[in-house]
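Biologist: I would like to learn how to read the features of a fold from its coordinates. Could we take them one at a time, with the general idea before the case?

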Amino acid sequence: MKATTDFIKMKQKAEKITMITAYDYPSAKLVEQAGTDLILVGDSLGMVVLGYESTVPVTMEDMIHHGKAVKRGAKDTFIVMDMPFMSYHLSSRDTLINATRLMQETGANAVKVEGADDVIDQIKILTNAGIPVMAHLGLTPQSVGVLGGYKVQGKSSDEAKLLVENALKCQAAGAFAIVLECVPMQVAKEVSERLEIPIIGIGAGSDTDGQVLVYHDIITYGVERVAKFVKQYTNVNEAISLAIDQYISEVRIGAFPELKHSFQMKPEEVKSLYGGKA
Ligand SMILES: Nc1nc(=O)c2c([nH]1)NC[C@@H]1CN(c3ccc(C(=O)N[C@@H](CCC(=O)O)C(=O)O)cc3)CN21
Ligand SMILES: CC(C)C(=O)C(=O)O
Ligand SMILES: [Mg+2]
């Protein structure tokens, strides 16, 4: 398993870092088998697994429940857990207790927090306490209500400059990496060049130190519409629907199960069963 320092070395050697979300045992197993550098137990699980409209309703209990399953499926991959909405804003004590629970109850290796401003202090406090922190800037979905939707961030040069400043503050506070979401590629390039810690982009173009995508988006699983930045490498919705349609119609016409799916008694047992009439 890689360590936080390995990701910085990868940046220095210009080796791209791969991160993929996972939310349960099977997704974690497949993502680990494929050899990803990091797994993110994203609070996007609220949307892609639990069916909420945003990530705001996701609780600590939800995160821990899914984080435990991910760890069981991916024992040898560096796991980052999203700290859910409002779990790192009330007090430093709450932040520390919540991050500790995410790490100790699931076996994850790091936590991720969205935003700058007050969150910078929380990054400092967590790092000082020995908890590796990944920051998350640009489009921060937990603030969707304030941002007014899932929109590209940092489009003006003033906004872009603020983003660079905030990224530098996250680095100074001790963050080992930053997710940069939904920003113009020129902004992502600037941030990646100006920082020593790796920048992992999503909707941030190709000039970042790595990429992250949501598992369900990559394989088109459950999701219907995806963001512009997603590449859908396959469509398992189609494969699943086809299989389920066939199952239902075969049961209805009696084509399933076949003999090979059925268990047999020995002939002498059949004979002594109600006089062999069974
Ligand atoms: N399935 C899924 N994938 C994600 O990447 C994801 C989630 N869910 N849930 C949590 C957040 C929300 N995210 C989102 C959701 C939508 C857009 C989106 O539709 N963006 C517009 C940009 C609009 C503009 O031009 O400003 C797009 O067209 O891509 C972006 C990020 C990223 N995260
Ligand atoms: C989109 C990624 C970066 C995320 O935070 C999540 O999956 O929750
Ligand atoms: Mg998230």
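Modeller: Helices (H or I, at least four residues) and strands (E, at least two) are DSSP runs, numbered from the N terminus. Here the protein chain has twelve helices and eight strands. The model is predicted: local features need pLDDT of at least 70 and side-chain atom pairs count only at pLDDT 80 or more, while totals for chains, interfaces and linings use all residues. Residues are numbered from 1 along each chain as its sequence is written, and chains are lettered from A and ligands numbered from 1 in the order in which they are written.

Biologist: What does the C-alpha trace of the protein chain span along its principal axes?

Modeller: The spans are about 85 × 40 × 35 Å.

Biologist: In what order do the strands close into a barrel?

Modeller: Two strands pair if DSSP finds at least two bridges between them. In this chain eight strands close into a barrel in the order 1-2-3-4-5-6-7-8, and the pairing is parallel. Neighbouring strands of this sheet are turned by 25° against each other on average, direction ignored. Axes are lines fitted to C-alpha atoms, for helices over the stretch in contact, and angles run from 0 to 180 degrees between N-to-C directions.

Biologist: How many bridges does strand 2 share with strand 3?

Modeller: Strand 2 and strand 3 are joined by four bridges in the parallel sense, and L38 stands opposite F78 in strand 3. Strand 4 (residues 110-114) and strand 5 also run parallel, with four bridges; there V111 stands opposite V133 in strand 5.

Biologist: How is burial read, and why is strand 5 described as largely enclosed?

Modeller: A residue is buried if 20 or more other C-beta atoms lie within 10 Å of its own, exposed if 12 or fewer, and partly exposed in between; the C-beta atoms are placed from the backbone. Six of the six residues of strand 5 are buried, so the strand is largely enclosed by the rest of the structure. On one side these are V133, A135 and L137, and on the other M134, H136 and G138. Over the protein chain, 40% of the 278 residues count as buried.

Biologist: Which helix lies across strand 5?

Modeller: Helix 8 (residues 157-173) lies across strand 5 (133-138) and strand 6 (177-181), running at about 175° to strand 5.

Biologist: How is the length of helix 4 checked?

Modeller: The expected span of a helix is 1.5 Å times one less than its number of residues. For the 14 residues of helix 4 (residues 60-73) this gives 20 Å, and the end C-alpha atoms are 20 Å apart, which agrees.

Biologist: Which elements do the buried residues of helix 4 pack against?

Modeller: Two residues are in contact if their C-beta atoms, placed from the backbone, lie within 7 Å. The buried residues of helix 4 are M63, I64, H66, G67, V70 and K71. They pack against helix 2 (25-33), strand 2 (38-41), helix 3 (45-48), strand 3 (78-82) and helix 5 (92-106). Of the contacts in the protein chain with a separation of 6 or more, 58% come from residues 24 or more positions apart.

Biologist: Which residues are the closest to ligand 1?

Modeller: A residue is near a molecule or strand if its C-beta atom, placed from the backbone, lies within 6 Å of it. Ligand 1 is surrounded by 17 residues, the closest being Y150, K151, V214, A227 and K228. Helix 3 and helix 10 (215-219) each supply at least two residues of this shell. For classes, Ala, Val, Leu, Ile, Met, Phe, Trp, Tyr, Cys and Pro count as nonpolar, Asp, Glu, Lys and Arg as charged, and the others, Gly among them, as polar. The shell around ligand 1 divides into eleven nonpolar, three polar and three charged residues.

Biologist: What classes make up the shell around ligand 2?

Modeller: Five residues there are nonpolar, four polar and three charged. Among them are D43, D82, H136, E181 and V214.

Biologist: Where is P257 placed?

Modeller: P257 is in the loop between helix 11 and helix 12, and the peptide bond from F256 to P257 is cis, with omega near 0°.
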